[in-house]
Every structure is written in C-alpha cells, then in structure tokens.
Amino acid sequence: MSKYYLNYLDELESEAIFILREVWAQFQNPVILFSGGKDSILVTHLAKKAFYPAKIPFPLMHVDTGHNFPETIQFRDDIIKEFGVELIVGSVQEAIDDGRVAEEKGKSATRNALQITTLLDAIETNKVDCAIGGGRRDEEKARAKERFFSHRDDFGQWDPKNQRPELWNIFNGKHFQGEHFRAFPISNWTEMDVWNYIKRENIAIPSLYYAHEREVVWRQDSWIPNSEFLVLEDHEEIVTKKIRFRTLGDITITGGIESDADTLAKIAEEVSGMRQTERGNRTDDKRSESAMEDRKRQGYF
C-alpha cells in the first residue's frame, strides 16, 4: 500500500481549514477579524480555500481606529471587492465622539486600547458568536496561552484559567447567551511558516511589508513612521530610511526595521535569521510586561 505524506505547510493548512469549517459548523454568526495585516490576510485566504467554490460564508470585521496606514485601508477595500464578502466596520472615532471612550493624550498616545470597547460593541450589535482571528502562539506570551477556541464571558473578557479542554481535534463551542468565542486557526504557525506559505501561494500583501523609503523617527528602539498624528520631542529628528514593517497596527505605534527585503523570497530569508519576535517593534506592547495579557483580559483580539 502506498503512503501519502503532507509537508509541514500542507499540514498547517489542513489544520487551519479544519478549524474554519468547525467554526462554521458550530456557530450561528461568525466573522473574520480583518486588520489588513499578513495574518488576517492569511486567514481570509485559508477561508477562501476551505469553502471553495462557494464564497467565504462569513463577513470580515475591521475595527477602524482612524490611525491606520492608508495603504492598509486601501488593501482592505480591494480584498472586499475581490472576494465579494460583506465588510463590518467598527469605528473608534465614533466611540470617541459618542463619549464611549476617552482618547489618550501626550507623545506616546495610542488608540490601541480603545479598540476593545469598539470591538465588543460591534460583536454585540451584530450578534457575533465567534470572531476568527489571526493570532499565533509564537507572537507573544499571552497569545501562547490561547486555545483554538477561546471562550469569552458575557462581558467579552478572557480568562486563561477558564478555557475548554481541547482533546485531539475535538472543540467545544457551547456557550451561554451573551458569551462568545474567538477562534485562532493559525495558532500553531510561526512567522516563518506564514512567510513561506505566502511565498508558496503568492498571496498579495500590503506594500508596507516590503522595504521602501519612508520618513521615520527613532523612538523606543524602532523606526516610527512620520504621520499627521506623530508628536515630536525636541531631541527627535525626522529622517528618511529604507525600512519595512514586520507587523501592522496603527501608524502611531508600528515600528519599522531597516531592510533591503523587497521581495517575498528576501523577506523569508531575512526572517529566518531574526531572533526577536515580530511584535518587538510595537510600542503598545512595551508599556508593561503584561500589556498584551491585560488587554486580552478586557476583550482585546
């Protein structure tokens, strides 16, 4: 009898597709959390494969902080048009205008934490019972604690000590009224896996991931892009550098690295030699040792 083997990327793809199909089977109104970053793009690509030749059966949900890279918003709109799926947008600016949240002030102000209220409002308004995210366990220690099916209580909060057992490939999505789940189909992928798969599948990604010249300022050990939201201190100077971004968030908190990697092959080669996690250039994660876990406990992605 001949044996059939999958290479490691095929195994990861198969696992992720299985989880996406489990979400569709167990939940009534799931959505994909779409940020325009490589991981949410990957999850959307896998969803397309999981249900082909039908369309992706659930909407994409984007929490728009108002401080996004313009390139990210354009890419999001292009994806929606190409895939023919519904887009749900939760606006942080609207939450600020309505008095639901208060905007931070000062040099290091960010709207990152303000996404929590906007996300939970969008989940409640749209009666979402499962939000599919692109979180991976190798990104950050709080995300390493996540299950594939991550239970959230009726306040949208995450308790790492109150999660369902996941034995083999059995997932329990049962929940009470008002509760919901987050699902993470690429939990077992590494950053290197993501880039190798994107390269193999030739998946389109925002130009921000490729090396390009940009005005930046050196802050908290990374190159923060110049924008209308950037507040300079007296000692800081805007310079032009050839950089790229390993991860995408708000333009105010996403730090770039100096790089010449302007192709997928060069990016994969560059990442293979790195020893710092890709979130090492995110200033929002540098506020405290438990910054990510604190936000996740409040309802963050």
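This note goes through a predicted model point by point, from the whole chain down to single residues.

1. Ground rules. Residues are numbered from 1 along each chain as its sequence is written, and side-chain values use heavy atoms, with hydrogens and water left out. Because the model is predicted, local features need pLDDT of at least 70 and side-chain atom pairs count only at pLDDT 80 or more, while totals for chains, interfaces and linings use all residues.

2. The chain as a whole. The protein chain has eight helices and 10 strands. Both are DSSP runs numbered from the N terminus: helices are H or I with at least four residues, strands are E with at least two. Of the 301 residues, 53% count as buried. Here buried means under 20% relative accessible area, exposed means over 50%, and partly exposed lies in between (1.4 Å probe, protein chains only).

3. Surface and contacts. The protein chain exposes about 14,700 Å², and carbon and sulfur atoms supply 49% of this area. Accessible areas come from the Shrake-Rupley method with a 1.4 Å probe; for residues, only the protein chains shown count as cover. Among contacts (heavy atoms within 4.5 Å) between residues at least 6 apart in sequence, 73% join residues at least 24 apart.

4. A four-stranded sheet. An open sheet has the strand order β8-β7-β9-β10, with antiparallel pairing. Its edge strands are β8 (222–225) and β10, each of which pairs on one side only. Two strands pair if DSSP finds at least two bridges between them.

5. Strand β7 (residues 212–219) and strand β9 (residues 239–244) run antiparallel and are joined by five bridges. V216 has V239 in β9 as its bridge partner, and H212 stands opposite I243 in β9. On to strand β10 (residues 257–258), β9 makes two bridges, again antiparallel. There, the bridge partner of I243 is E258 in β10. In a regular strand the side chains alternate between the two faces of the sheet.

6. The largest pocket. About 360 Å³ of space lies in the largest pocket. Of the 16 residues that line this pocket, the closest to its centre are I123, E124, V128, G178 and E179. A pocket is found on a 1 Å grid over the protein atoms alone, as an open set of points with protein on both sides within 12 Å along at least five of seven lines; a cavity is a set where a 1.4 Å probe fits but cannot get out, and lining residues have an atom within 4 Å of a point. Grid points are joined across faces, edges and corners, and a volume is the space filled by probe spheres set on the points.

7. What the pocket lining is made of. The lining of the largest pocket divides into five nonpolar, five polar and six charged residues. Nonpolar covers Ala, Val, Leu, Ile, Met, Phe, Trp, Tyr, Cys and Pro; charged covers Asp, Glu, Lys and Arg; the others, Gly among them, are polar. Helix α5 (residues 115–125) gives the largest share of this lining, three residues. Within α5, the buried residues include Q115, L119 and I123.

8. Cavities. The count comes to two cavities of 30 Å³ or more. The second largest cavity has a volume of about 30 Å³ and is lined by G135, R136, R137, R143, E146, F184 and S187. By class, that lining has one nonpolar, two polar and four charged residues.

9. A buried histidine. H67 is found in the loop between β2 (60–64) and α3 (70–83). H67 counts as buried because its relative accessibility is 8%. Leaving aside neighbours within four places in sequence, H67 is in contact with E103, R111, F229, D250, I251 and T252.

10. Backbone points to check. Most residues other than glycine have a negative phi, and most peptide bonds are trans. K127 is not a glycine, yet has a positive phi of about 55 degrees. K127 sits in the loop between α5 and β4 (130–132) and is exposed, with a relative accessible area of 65%. N202, also not a glycine, has a positive phi near 55 degrees. N202 is in the loop between α6 (191–201) and β7 and is exposed at 62% relative accessible area. A cis peptide bond joins Y52 and P53, with omega about 10 degrees. P53 lies in the loop between α2 (38–51) and β2.
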